[in-house]
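Student: I would like to learn how to read a protein model step by step. Could you take me through its features, beginning with the salt bridges?

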Amino acid sequence: MANDWNSKIIEEFHANGGKVGGPFEGASLLLLTTTGAKSGQRRTTPLVYLPDGDRMIIFASKAGAPTNPDWYHNLVAHPQVTIEVGTETFEAASVVITGEERDRLYAQQAARNPGFAEYEKKTTRQIPVIALERQ
């Protein structure tokens with residue numbers, strides 16, 4: 001079901017120059033394409049991001065689920081990713097952020113998008129924060 005949901009968002013993203021409606025209307029949305037940690041297959045996931053200077057910050061929230069999302073494991077195994085923002089596609093390096101910087105960026109995202117504060121309350125794991133840096 002998640003893949004069907006994602007493919008509809010990806011279709012809409014491509015059809016409308018990176019803009020989508022529904023729950024993501026008005027959000028900063030990117031498409032993250034990772035290489036499967038085990039399969040080696042390329043997979044694309046729509047994600048809300050936080051602009052941070054030249055970087056885009058993404059959050060492995062999985063809506064507060066007890067486990068990290070598959071895309072997170074993929075980018076840890078293969079940090080080189082492809083990003084689509086608006087009508088632009090480019091390669092990026094992903095870097096997992098820890099410590100005070102992680103906490104600051106997560107708090108910033110939770111302030112902008114209260115859903116992220118809810119995700120944090122729903123899970124016992126620390127939600128990973130990842131910076132995407134254009135190559």
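Tutor: Please keep in mind that this is a predicted model.

Student: Which residue forms a salt bridge with Asp4, and how far apart are the closest N and O atoms?

Tutor: The partner of Asp4 is Lys8, and the closest N and O atoms of this pair are 3.1 Å apart. Both belong to helix 1, which covers residues 2-15, and because they are four residues apart there, about one helical turn separates them.

Student: How should I describe the accessibility of Asp4 and of Lys8?

Tutor: A residue is called buried under 20% relative accessible area and exposed over 50%, with partly exposed in between. Asp4 has 45% relative accessibility, so it counts as partly exposed, whereas Lys8, at 52%, counts as exposed.

Student: Is Asp52, which forms a salt bridge with Arg55, buried or exposed?

Tutor: Asp52 counts as buried, because its relative accessibility is 18%, and Arg55 is also buried, with a relative accessible area of 18%. The closest N and O atoms of this salt bridge are 2.6 Å apart.

Student: What can be said about the salt bridge between Asp103 and Arg102?

Tutor: Their side chains meet with an N to O distance of 3.2 Å. Asp103 is partly exposed, having a relative accessible area of 39%, while Arg102, at 4% relative accessibility, counts as buried. Elsewhere, salt bridges that share partners join Asp52, Arg55 and Glu101 into one network.

Student: How do I read the way in which helix 3 and helix 4 cross?

Tutor: One looks at the angle between the two axes and at how close they come. The axes of helix 3 (residues 99-112) and helix 4 (residues 115-122) come within 7 Å and cross at roughly 125°, which makes helix 3 oblique to helix 4. In this contact, Arg102, Tyr106, Gln109 and Ala110 of helix 3 meet Phe116, Ala117, Tyr119 and Glu120 of helix 4. Sorted by class, the contact has five nonpolar, one polar and two charged residues.

Student: Which residues does Trp5 contact, leaving aside its neighbours within four places in sequence?

Tutor: Trp5, which is found in helix 1, is in contact with Pro23 and Phe24 once those neighbours are left aside. With 45% relative accessibility, Trp5 counts as partly exposed.

Student: What should I look for in a sheet?

Tutor: Strands of a sheet pair through backbone hydrogen bonds, either parallel or antiparallel. Here seven strands form an open sheet in the order 2-1-5-6-7-4-3, and the pairing is antiparallel. Strand 2 (42-48) and strand 3 (50-52) stand at the edges with a single partner strand each, so one side of each is left without a neighbour in the sheet. From one strand to the next, the twist averages 35°.

Student: How many bridges join strand 3 and strand 4?

Tutor: Strand 3 pairs with strand 4 (residues 55-59) in the antiparallel sense over three bridges, and Pro51 stands opposite Met56 in strand 4.

Note on methods. Residues numbered from 1 in each chain as written. Predicted model: local features only at pLDDT ≥ 70, side-chain atom pairs only at ≥ 80, totals over all residues. Heavy atoms only, no water. Salt bridge = Lys/Arg side-chain N within 4 Å of Asp/Glu carboxyl O. Helix = DSSP H or I, 4+ residues; strand = E, 2+ residues; numbered from the N terminus. Buried < 20%, exposed > 50% of the residue type's maximum accessible area, 1.4 Å probe, protein only. Axes fitted to C-alpha atoms, helices over the stretch in contact; angles between N-to-C directions. Parallel < 35°, antiparallel > 145°, perpendicular 65-115°, else oblique. Contact = heavy atoms within 4.5 Å. Nonpolar A, V, L, I, M, F, W, Y, C, P; charged D, E, K, R; others polar. Pairing = 2+ DSSP bridges.
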